[in-house]
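Here is a short briefing on side-chain interactions for you to follow along with. Have a look at the sequence and structure, then read on.

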Amino acid sequence: MTWYALQHKPAQGDRALAHLQNQDIACFYPKIQVEKIKAGKRTQKLEPLFPGYLFINLEQTDPAWAKLRSTRGVLRVVSFANKPAAISDEVVQHVKDSLDSVTQQGGLKAGEAVQLGEGPFEGINAVFQAYDGEERAIVLIDFMQKQQRVKVPVATLRA
């Protein structure tokens, strides 16, 4: 069997997935935890890794192909020159493996040791305290024999 990409209708990925699974079609709809800031509060939300797309595993001769276009939530099969575009098993397996490692990593936790990668404090070891918005973090650094709270860009932190 080969993997193929399906484009789903806007905001109907879960619906398309459910209806495809009801037809006994093997599906893969990768999602990851994403931190968002809403109303000043940091929240975590599960979002699709490839917005608008999901993957199915079918044989070219499977009669389920005829039902795909009329499946609720499905917009179309991703095709080139009127042939469904095949995706290798290695690519799909790599995405699955990568999802596991992303889930295990999570974000920085309070008290975690980090190093500042650039800017005026480059190379200095610090202790992560908290996020300050989407792009900044508060860290503690040892400066002048005292721990100082400093706000730095999250992108400069190295775990």
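Helices and strands here are DSSP runs numbered from the N terminus, a strand needing at least two residues. The model is predicted. By that numbering, T156 is placed in the loop between β13 (146-153) and β14 (157-158). A search of the whole structure turns up one salt bridge and four aromatic pairs.

- T156 has a relative accessibility of 6%, so T156 counts as buried, the limit being under 20%.
- Setting aside neighbours within four places in sequence, T156 is in contact with Q115, L116, G117 and E118.

**The salt bridge**
- K31 pairs with D14 in a salt bridge, and the closest N and O atoms are 2.7 Å apart.
- This pair links distant parts of the chain, since K31 belongs to strand β3 (residues 31-38) and D14 to helix α1 (residues 13-22), 17 residues apart.
- Both partners are partly exposed: K31 has a relative accessible area of 24%, and D14 has 47%.

**The aromatic rings**
- One of the aromatic pairs joins F50 and F55 edge-to-face, at 5.6 Å centre to centre and with 90° between the planes.
- F50 is partly exposed at 32% relative accessibility, whereas F55 is buried at 11%.
- F50 and F55 also belong to one aromatic cluster, together with W3 and F28.

**A charge over a ring**
- K96 places its charged end over the ring of F28, 5.2 Å from the ring centre.

Definitions and conventions: Residues numbered from 1 in each chain as written. Predicted model: local features only at pLDDT ≥ 70, side-chain atom pairs only at ≥ 80, totals over all residues. Heavy atoms only, no water. Salt bridge = Lys/Arg side-chain N within 4 Å of Asp/Glu carboxyl O. Helix = DSSP H or I, 4+ residues; strand = E, 2+ residues; numbered from the N terminus. Buried < 20%, exposed > 50% of the residue type's maximum accessible area, 1.4 Å probe, protein only. Contact = heavy atoms within 4.5 Å. Phe/Tyr/Trp six-rings, centres within 6.5 Å; stacked < 30°, edge-to-face > 60°. Lys NZ or Arg CZ within 6 Å of the ring centre and 35° of its normal.
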